Structure formats: C-alpha cells, structure tokens
Amino acid sequence: MAKRFQNPKGTRDVLPEEQHYWRRIESVFQRLSDVYGFEKLTLPIFEETSLFQRGVGETTDIVEKEMYTFEDKGGNSMTLRPEFTAGVVRSYIQNGMASLTNPVKVWSTGPVFRYERPQAGRYRQFTQFNVEAFGEIDPALDFEVMSLAWQLYDELQFKNLSFQLNSIGCPVCRPGYLEQLKSYYHKNLHIVCDDCKSRLDKNPLRLLDCKNVQCQPTIQSAPAMKEHLCAECDDHFKTLLGYLDDMKRPYVINPRLVRGLDYYTKTVFEVWAEGIGAQNAVCGGGRYDGLAEMLGGKPTPGIGFAAGLERIVLTMQNQGVEVDPIPGPRVYFAPMGDAAKRASVRLITELRLQGIESVIGFGGRSFKALMREANRRGVRLVCIMGEEEISKNVCQVKDMEGGEQKSISLEEVIPAVKEILSAGS
Ligand code: HAM
C-alpha cells in the first residue's frame with residue numbers, strides 16, 4: 001500500500017470547523033490596525049540567515065537551536081523567519097522609511113518557524129500578528145502599542161488577562177546591572193542548573209528566565225534591573241506606568257521578565273492568559289532602540305509586539321468565547337435529470353453572480369439523497385427540479401424553515417429566492 005503522509009511534527013492543519021475563530025481574530029486585527037493608524041507591510045517568509053543572527057542575537061535559543069536554515073541553489077544561507085521584527089527593520093532601512101513622517105507604524109501577519117519541542121500551544125510553524133512603530137522614543141508610543149494589544153484581547157472577550165511589564169534598561173545602565181547579577185550568580189553557582197552556568201557568560205540576563213525548579217530560589221533573590229535603571233530609563237518607565245494608571249490598564253511589574261530575544265531595551269511586556277497551561281503568553285513585545293543601527297541603519301528607536309494566533313484560538317476555546325459561524329450556503333439546487341441539471345446550473349451561476357451563497361447536488365442522485373444533502377448543508381431554500389417541472393418551465397422552491405413549497409416559473413426563481421432570503425434575514 002502507498003505511504004500515507006502526515007503533517008510534519010509541530011505543524012497543524014487548521015480545518016474548516018476552526019476557521020471562524022481565525023476569521024474573527026483577523027478581522028479584529030485589521031480593524032484595530034486602522035483604528036491605531038498602523039499600515040500593512042507584507043514581507044518574504046525567508047531572509048538571509050545573518051539578518052536573524054545579528055538581529056535576534058547569536059546566543060538566543062531561537063538562533064542557536066530553533067532556526068529552519070537551508071542553503072539555496074545559489075549557495076546562500078537562508079532562514080525561514082523565526083519572527084517578524086528583524087525583517088521589518090530590514091525593510092524599514094532598505095526602503096528608506098526613515099524619511100517618511102515618523103513614527104512609521106506597520107503591521108504584518110503570517111507564519112513563523114521555530115524548531116521547538118511541540119506541546120499544546122507551542123508549534124514549529126505558528127502564526128503571528130506583528131506590529132512595529134519606528135522613530136519615536138516617547139513613552140506615549142509604548143503606551144499606544146500596549147494599548148493596541150490590550151484592546152485586541154478585550155474585543156476578543158478574553159477573561160483574566162494579565163499584562164506583565166518590566167524595563168530591562170539600555171546600554172548605559174544594563175552593563176553595570178549585569179556585573180552585579182553575574183557576581184551574585186557566581187556566589188550561588190553550586191545551586192543553579194548547568195544551563196544557567198553556561199548562561200552566566202553567554203547571556204546573563206536570561207538567567208532570570210530559567211524555568212528549572214532548582215533555580216527558582218536564586219532567581220527570587222537576584223538583584224532586579226528595575227532598581228538599577230539610569231535616570232532616562234527610570235523616567236521612561238515611570239511615565240509609561242503613569243499612562244497605564246491613567247487609563248486603568250491592569251499590569252503586573254515582573255522583574256523576571258527579560259524576553260528571549262536580544263534586541264530589547266527599556267520596556268518589555270507580555271500578555272498572559274489563563275487556560276493554556278505553561279504556554280500562557282499570548283503576546284510579547286518591547287522596545288528595541290538599538291536594533292536599526294545594529295542592522296546597518298541610522299539610530300532609530302522602535303517598539304512593537306507579536307501575538308500568537310494559535311494561542312489566541314486555544315484561549316478562546318478554553319474560555320468558551322462564542323464566535324459566530326462563517327455563513328454557510330443558503331440555497332440548494334436539487335436537480336433530477338439532464339434538462340433539470342442544465343436549468344439548475346444556469347440558475348445557480350446567476351444566483352452566485354449576485355452574491356447569494358448557493359450549492360448544487362451533483363451526479364444523478366435520487367430525490368431522497370438530494371434532500372438529505374440539503375438538510376445536512378443547513379440551507380434555507382431548496383430548488384427542486386425534475387422532468388415534470390422542466391416540462392412546465394417551473395421550479396419547486398421549498399422553504400426548509402416553514403416546510404412550505406411553491407411552484408415558481410423559471411424566470412421568476414431568482415427574484416423569488418432573493419425576496420424570501422431578504423425577508424427572512
Ligand atoms: P515572541 O515572544 O518570541 O516575540 O513571540 C510572540 C508571540 O508568539 C508569543 O507571545 C506567542 O503568543 C507566540 N509564539 C511564540 N512561540 C510560539 C510557538 N512555538 N508556538 C506558538 N506560538 C508561539 C517575538 O517574536 C518578537 N518579534 C515580538 C516583538 C515584535 N517584539 C518587538 N516587536
């Protein structure tokens with residue numbers, strides 16, 4: 001027997017019965033992007049590998065372990081995007097967006113790829129909705145970006161959301177803090193896991209992010225970046241908190257929130273939702289004021305976030321959020337015999353041109369089989385035609401709601417169907 005294929009590990013087929021969640025989420029994204037003044041930017045799914053190495057950071061888990069990297073036929077190293085931000089910054093620089101009116105605010109959506117250990121809410125191909133805003137250091141922009149995230153989840157009717165927030169400083173204040181963090185960890189080296197021992201030199205900020213139970217007491221008592229911010233970062237953070245307080249946006253200051261990508265400066269945040277276990281970040285983001293320069297552009301501040309759509313769908317399902325189904329067909333054509341089929345094909349083509357959702361029974365099915373299909377498709381009207389109807393130039397239009405059936409001349413079928421549908425909707 002021929003081999004039956006499966007989807008690759010860590011990927012999902014989003015079947016029609018789940019699509020109404022996706023459609024709802026995408027429509028909320030698109031509308032809110034307009035409301036907040038973000039314009040759409042569509043980017044390639046793969047980029048030069050070195051863009052992510054430089055942008056996301058050589059010592060991050062994403063670059064070290066999780067990238068789908070391949071050599072193309074021209075011998076160039078390419079990588080399926082593991083996130084959007086580096087590509088958006090590349091495009092901002094390449095397309096001279098610095099000369100546009102700043103802040104430049106863009107949004108993108110599509111699949112991203114990370115070779116992670118799959119589990120509920122964690123996949124190797126997943127979908128992000130991503131926003132970025134460039135060219136403005138004002139903390140009011142941080143608030144605006146967080147506010148967009150907040151409104152997104154509010155409109156999707158999420159319950160028990162928690163905004164986790166931190167500031168991880170800048171090149172002025174972070175090095176001094178990292179020295180303190182390192183010397184604290186050197187004293188505690190005997191009680192931390194092996195991963196943390198290697199993080200100590202490679203990427204000390206990620207020490208605070210370790211999930212290993214044995215490291216939690218050390219993390220709890222570690223010095224916090226928030227206490228070591230320079231005046232500019234401290235002021236930036238406090239101003240942002242002021243906006244959040246003014247607008248009564250709930251947040252938790254989490255000194256352990258450091259994020260897994262190296263480009264962040266100052267504000268970092270995540271949105272956690274109840275109901276999807278360990279993978280509870282439905283969104284994550286922050287400022288990256290040094291990234292454009294690192295990627296060869298002029299110094300340009302930036303801030304953004306990305307939301308994972310699969311996790312949003314999971315949370316909506318777990319929280320029992322009701323979403324309207326995608327409207328199915330409203331009219332079913334049930335022809336019996338060749339002449340009836342011809343007349344039905346003509347009528348359904350016309351009806352579809354007029355935007356009425358309609359389907360037809362194919363093949364030479366019996367009346368019983370046709371009516372069974374009409375029932376299963378949940379249509380409002382069935383247009384039945386057999387030899388007798390054709391000889392009289394009529395069609396039987398059956399209203400499945402009231403059970404009433406009328407004989408209507410073929411010329412009148414389309415206006416009659418439209419009238420019944422518009423009266424019933
Ligand atoms: P991130 O936290 O790596 O940030 O990912 C953002 C969101 O993508 C997460 O909160 C989560 O919802 C979703 N996500 C991440 N990994 C997976 C996975 N394996 N399976 C399913 N969903 C996942 C970034 O990607 C940054 N580029 C965000 C950003 C934009 N920062 C500034 N601008």
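Is the crossing in which α5 passes α9 right-handed or left-handed? I looked this up first, in a model that is predicted. α5 passes α9 in a right-handed crossing.

**Entry: α5 and α9**

I took α5 as residues 139–155 and α9 as residues 231–246. Their axes come within 9 Å, and the crossing angle is roughly 45°. That makes α5 oblique to α9. I then listed the residues that meet. From α5 they are Pro139, Ala140, Asp142, Phe143 and Met146. From α9 they are His236, Thr239, Leu240, Tyr243 and Leu244. Sorted by class, this contact has seven nonpolar residues, two polar and one charged.

**Entry: α1 and α5**

I turned next to the packing of α5 with α1, which covers residues 19–35. Here I noted an angle of about 145° and axes 10 Å apart. The crossing of α1 and α5 is right-handed. On the α1 side the contact is made by Arg24, Val28, Phe29, Arg31 and Leu32. On the α5 side I found Leu148, Gln151, Leu152 and Glu155. The classes come to five nonpolar, one polar and three charged residues.

**Entry: α1 and α11**

Which residues of α1 meet α11? Before listing them I checked the geometry. Helix α11 spans residues 309–318, and its axis comes within 10 Å of that of α1, crossing at roughly 115°. The crossing of α1 and α11 is right-handed. Tyr21, Trp22, Ile25, Glu26 and Phe29 are the α1 residues in this contact. They meet Leu309, Glu310, Ile312, Val313, Met316 and Gln317 of α11. By class I have eight nonpolar, one polar and two charged residues for α1 with α11. Phe29 of α1 is listed here with α11, and Phe29 is also listed in the contact with α5.

**Entry: the ligand**

How many residues are around the ligand, and which come nearest? I have 27 residues around the ligand, of which Glu83, Glu116, Tyr123, Arg259 and Tyr264 come nearest. One of Val282 is 3.3 Å from a ligand oxygen atom. One of Gly304 is 3.4 Å from a ligand nitrogen atom. For Phe305, a backbone N or O atom lies 3.4 Å from a nitrogen atom of the ligand.

**Entry: backbone exceptions**

Most peptide bonds are trans, and most residues other than glycine have a negative phi. I noted two places that depart from this.

Where is the cis peptide bond? A cis bond joins Asn102 and Pro103, with omega about 5°. I placed Pro103 in the loop that runs between α4 (85–94) and β5 (104–113).

The other place is Asn160, which is not a glycine but has a positive phi of about 55°. Asn160 is in the loop between α5 and β7 (161–167).

Definitions and conventions. Residues are numbered from 1 along each chain as its sequence is written. This is a predicted model: local features need pLDDT of at least 70, side-chain atom pairs count only at pLDDT 80 or more; totals for chains, interfaces and linings use all residues. Side-chain values use heavy atoms; hydrogens and water are left out. Axes are lines fitted to C-alpha atoms, for helices over the stretch in contact, and angles run from 0 to 180 degrees between N-to-C directions. Helices (H or I, at least four residues) and strands (E, at least two) are DSSP runs, numbered from the N terminus. Angles under 35 degrees count as roughly parallel, over 145 as roughly antiparallel, 65 to 115 as roughly perpendicular and the rest as oblique. A crossing is left-handed if the near helix is turned anticlockwise from the far one by less than a right angle, and right-handed if clockwise. Contact means heavy atoms within 4.5 Å. Ala, Val, Leu, Ile, Met, Phe, Trp, Tyr, Cys and Pro count as nonpolar, Asp, Glu, Lys and Arg as charged, and the others, Gly among them, as polar. A residue is near a molecule or strand if one of its heavy atoms lies within 4 Å of it. A polar contact is a pair of N or O atoms within 3.5 Å; within protein, one must be able to donate a hydrogen and the other to accept it, and residues adjacent in sequence count only if both atoms are side-chain atoms.
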